[in-house]
Amino acid sequence: MTKVIGSVVCTICGCLCDDLEVTVENNEIIKMKNGCAVCEAKMVHGYKSEERILKPHIRKNGKLVPVTIDEAIHEAAQILTDAKYPLLFGWTSSASETQHVGVELAEELGSALDNCCSVCHGPSVMATQEIGIPTATLGQIRHRADLIIYWACNPWSSHPRHVERYTAFTEGRFEKSEFKEYVQKLKAKASQKKVAAAIRRTQVRYQSPSRPKSALVEAPPQTLAKEGRKMVVFDVMKTMTAEVADYFVQVEPNRDYEIFGALRCLVNDQELDVDTVGGVPVDYLKEIADVMVNAEFGAIFFGLGLTQSIGRFRNVELAIALTRDLNRKTKFVVSPMRGHFNVTGANTVFAWQTGYPFALDFSQGYPQYNPGEFTAIDLLRRGDNDATLVISADPGAHFPKGALQNMLKYPLITINPDWNAISRLGDVVFPTQWCGIEQAGTAYRMDSVAITLKKVVEAPKGVPSDEEIVRRILEEVRVIKAKKTATDAADGNVSQEMVGSKKRRSKSIEKEMY
Amino acid sequence: MITITPKRAFTVQIQATCINVDVFTGKTIQDIKNLPITEGKETITLNDAFNITENKTVETPNITLTGDFSKVKRIGQGMKTGEIVINGDVGMHTGEKLSGGKIIVNGNSGGWTGSEMKKGLIEVHGNSGDYTASPYRGTSTGMRGGLIIVYGNVGTDVGCYMQGGLIRINGSAGRYLGYHMLGGTIYVEKDCAIRVGACMTGGKIIINGTVELLMPTFTVDSIKPKVKIDATQTAQGPFYVFLGDIAERGTGKIFALKATNPTCSSYEKYL
């Protein structure tokens, strides 16, 4: 039986495109309309992968053995209760309902709790705490923005429909799409290339080929003064997004902070004592500042190039400070290009439950927050925790070696739908449903708008949702703790002698990886 | 004098706010042994993790810690009087909100050492971590007074939002030294990484070594032959004097030694 489901939400990036049309046949997605290539790779092909985990596993004598869900739940709860200081990490590809239960579990365990934003846009959140953020929803930007600035991000690859749905190539109520101009520009460029190639080939017999130009920034083009939408890209390399833009500014790596500082001075009509900043001549920056001030509604989108280069949240802080300065003269907003589809949700849920968006610690019985102290990589690198639960994330593929080595010294629980790097290293491995395909829920778009995810197909038999797994672990932890308290009371032994997680990993497993 | 040594090597963090002269004063050795600390999520007594002995013949220092305390956090937090000597490395938040007394670390100290300090002295004979003398996230009031001396190097973001007092660094300093500084003095004997004094609106930073790169938001003011570090000490120049951060309309001063900063000579044309 074939059915077509409309308004399905894509669960790849922070754009959460909600206009997908999915064709389902025999409980299987066979076709999709409107999605980008990345979306299609996951929602039509990826979720059916042969690498799917279908049963819970526990590591016995160094090998993962299939077990019942009850056994796996008990083992996971026992590990987490025995540990002095477990870490619960991941959450960003789960629905907000799961994240909500996760906070409850962390509080019950007195553990550290962190989400993937500590390795992506956590610095954006920290900068917001320092200075605030003048921002807008993507709908506002779509209809009103006439100057779009992409800073240190490449949405053409990372958020493929961002430009098309929300910024330069969309038909807004007050601003027209620039798509036709882009196609014309593309055609003109292609013709120019053909002519240049023809000339080069005729001349090659008579003179040595011209060498490529050095990576100098070109002067701002006349088109920046045009009416209507304009797109400017600041990046360290010429990306696909930069090709599409009206103007591309190639900055030196790790010099965004200096450029923001210089732009702030120029926007505020101050003079600088230097000629170039971050490889960009100050005269060009003056013109860019003029374009910014003359815009009716400007929007800056920034990516990991700011949050994960030298300076991290300080870079974002200055991007926000520039936006604040620009708002004295015109209307400007700034917005992070969030990565995982529900990383904003993780921040939102953690913040409304505890007051803090990530890098949490419950060891004192109340939530403490300090990035650098309680963030997953910092904790692991120092070797401060003695058990880890990873949910909907793959630190096995992305964490630094030192952090991962410390993680593997102690028991590891994983909750992921497929056999990714971290699942293969787990001691207790849970299967789970694909959120937004086999499981409904709530996710937050990059501009903090809540969007309901749809269930499109049924999950394989016996595979629970991650919310159910976390809730059952929480219940089991409470049962184990109650039993322990009762035993202690019966024995009259209330001494707080450390039990600890004695269960160190066998060295063979570490060798298996390295 | 109370002497404390670890009973074993620690894996998870220990939060020991009670290791503080104000808390120990007036307590018997047995009371001190029973003071609560947390190891990870578990609450234990000081005696569970440390050997504690008392030497009544010696008065100062009041507390001596010997061994590896790098996983032990918040020692001397909010202390008002007395002296703590740590012979070994110490963890984060040592001497946080210190409002008097003295903490001497004969080793390295972790991040947030002397955070939001008001008075007193912290001496680190090794290196000090990131965020030394910087406040808690989102707080706009940093170190208000007192003295921090680091004989080694310091990490990044040292002296953020500093309002008063003196930080003397005998080694090199990391990025964002004196970020958003409002007052007080930072003296660096050796080199200084990028973005020194970013967003500062007051105070002074004296650099006796090389400045890796000065923010474009600083403007050259003058060349001075010498500069006062505090009432008793003076650094001999000549120094370039930069004013900034002009993006924040600030009037903070960076003194960069002329001899070690030949790249700053391009600013001389504006004098």
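Mentor: Gladly! Helices (H or I, at least four residues) and strands (E, at least two) are DSSP runs, numbered from the N terminus. This is a predicted model, in which local features need pLDDT of at least 70 and side-chain atom pairs count only at 80 or more, while totals for chains, interfaces and linings use all residues. Residues are numbered from 1 along each chain as its sequence is written, and chains are lettered from A and ligands numbered from 1 in the order in which they are written.

Let's look at helix 2 of chain A, residues 69-82. This helix lies across strand 4 (57-60), strand 17 (388-391), strand 18 and strand 19 of chain A. Its direction makes an angle of about 130 degrees with strand 19 of chain A (axes are lines fitted to C-alpha atoms, for helices over the stretch in contact, with angles from 0 to 180 degrees between N-to-C directions; contact means C-beta atoms, placed from the backbone, within 7 Å).

The strands under discussion belong to an open sheet of 9 strands in chain A, ordered 5-4-19-18-17-6-7-15-16. Pairing in this sheet is mixed, where two strands pair if DSSP finds at least two bridges between them. At its edges are strand 5 (63-66) and strand 16 (368-369) of chain A, each pairing on one side only. Between strand 18 (residues 412-415) and strand 19 (residues 428-430) of chain A there are 3 bridges, and the two run parallel. One residue pair to find on your screen is A:Thr414, whose bridge partner in strand 19 of chain A is A:Val429.

Chain A also has an open sheet of 3 strands, in the order 1-2-3, with antiparallel pairing. Strand 1 (2-8) and strand 3 (28-33) of chain A are its edges; each has a single partner strand, so one side of each has no neighbour in the sheet. On average, neighbouring strands here are turned by 25 degrees against each other, direction ignored. Strand 2 (residues 20-25) of chain A is joined to strand 3 of chain A by 5 bridges, and A:Glu25 has A:Glu28 as its bridge partner in strand 3 of chain A.

Stepping back, the domain assignment of chain A (bounds come from an automatic or database assignment) gives domain 1 (51-116 + 341-513) and domain 2 (122-193 + 215-336). Their C-alpha centres are 38 Å apart. Contacts link 7 residues of domain 1 of chain A with 7 residues of domain 2 of chain A. On the domain 1 side there are 5 nonpolar, 1 polar and 1 charged residues (Ala, Val, Leu, Ile, Met, Phe, Trp, Tyr, Cys and Pro count as nonpolar, Asp, Glu, Lys and Arg as charged, the others, Gly among them, as polar).

Finally, chain A has a neighbour: 35 residues of chain A and 29 residues of chain B make up the contact. The elements of chain B giving two or more residues to its side are strand 3 (36-39), strand 4 (42-45) and strand 15 (219-228). The largest share, 3 residues, comes from strand 4 of chain B. By class, that side of chain B has 11 nonpolar, 10 polar and 8 charged residues.

Notes. Two residues are in contact if their C-beta atoms, placed from the backbone, lie within 7 Å.
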